[in-house]
Amino acid sequence: MTSMITDTAAMERIHEILNKKKDMIKLSLSACAHCSICSDSCFKFTSNINDPTYSPAYKAINSIGRIYKKKGKLSDDEYRTIKNLIWDKCVLCMRCYCPLGISIPSLIACARNVCREKGFYRTYDKIDEEQQI
């Protein structure tokens with residue numbers, strides 16, 4: 001199943017994002033040693049009983065890694081999964097530490113930019129102004 005938002009302009013913008021960050025993405029994904037040191041610095045990982053899907057490396061590889069590999073051509077379900085991974089399981093606090101110098105927050109931010117172009121992003125419930133204190 002392909003995404004409902006597949007207009008040419010959106011795909012061009014996605015390709016621009018990926019091309020602009022191509023070197024960083026390729027180097028980062030190939031350099032990751034899967035050592036899990038980044039996981040120890042992630043409060044989302046440690047507060048979720050060490051669930052591996054909260055590991056910063058997992059989030060980067062399974063978001064921008066998947067997007068880059070498929071050149072942005074993912075199904076709605078794949079984008080929905082990535083959206084949940086990069087917004088619900090990451091607050092982009094910049095605390096994740098990689099001894100190899102991989103900028104995991106940059107990878108997550110890039111994945112968020114691509115998801116926004118496809119119409120997949122975090123939304124917040126609207127609160128009626130009368131209900132606010």
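Predicted model: local features only at pLDDT ≥ 70, side-chain atom pairs only at ≥ 80, totals over all residues.
A salt bridge here is a side-chain nitrogen of Lys or Arg within 4 Å of a carboxyl oxygen of Asp or Glu.

Residues are numbered from 1 along each chain as its sequence is written, and side-chain values use heavy atoms, with hydrogens and water left out.

On confidence: pLDDT is the predictor's confidence in each residue, from 0 to 100. The protein chain has a mean pLDDT of 90, with 89% of its residues at 70 or more. Over residues 1–5 pLDDT stays under 50, and for these the model has 12 contacts beyond four places in sequence, a contact being heavy atoms within 4.5 Å.

Now helix 1. Helices are DSSP runs (H or I, at least four residues), numbered from the N terminus. Helix 1 covers residues 8–20, and at 1.5 Å a residue its 13 residues should span 18 Å; the end C-alpha atoms are 18 Å apart, which agrees. That expected span is 1.5 Å times one less than the number of residues.

Which residues of helix 1 are buried? They are A10, M11, I14, I17 and L18. Seen down the axis of helix 1, these fall within an arc of 115 degrees, so they line one face of the helix; the arc is that of the directions from the helix axis to the C-beta atoms. Buried means under 20% relative accessible area, exposed over 50%, and partly exposed in between (1.4 Å probe, protein chains only). On the face turned away from the buried side, helix 1 carries the exposed residues T8, E16, N19 and K20. The cover over the buried residues includes helix 2 (22–31), helix 5 (56–69), helix 6 (76–88) and helix 7 (104–117).

Back to the salt bridges. E117 and R13 meet through their side chains at 2.4 Å, N to O. E117 lies in helix 7 and R13 in helix 1, so the pair ties together parts that are 104 residues apart in sequence. E117 is partly exposed at 23% relative accessibility, and R13 is partly exposed at 35%.

Another salt bridge joins R80 and D77, with the closest N and O atoms 2.9 Å apart. Both lie in helix 6, 3 residues apart, about one turn of the helix. R80 is partly exposed at 36%, as is D77 at 47%.

How values were computed. Helix = DSSP H or I, 4+ residues; strand = E, 2+ residues; numbered from the N terminus.
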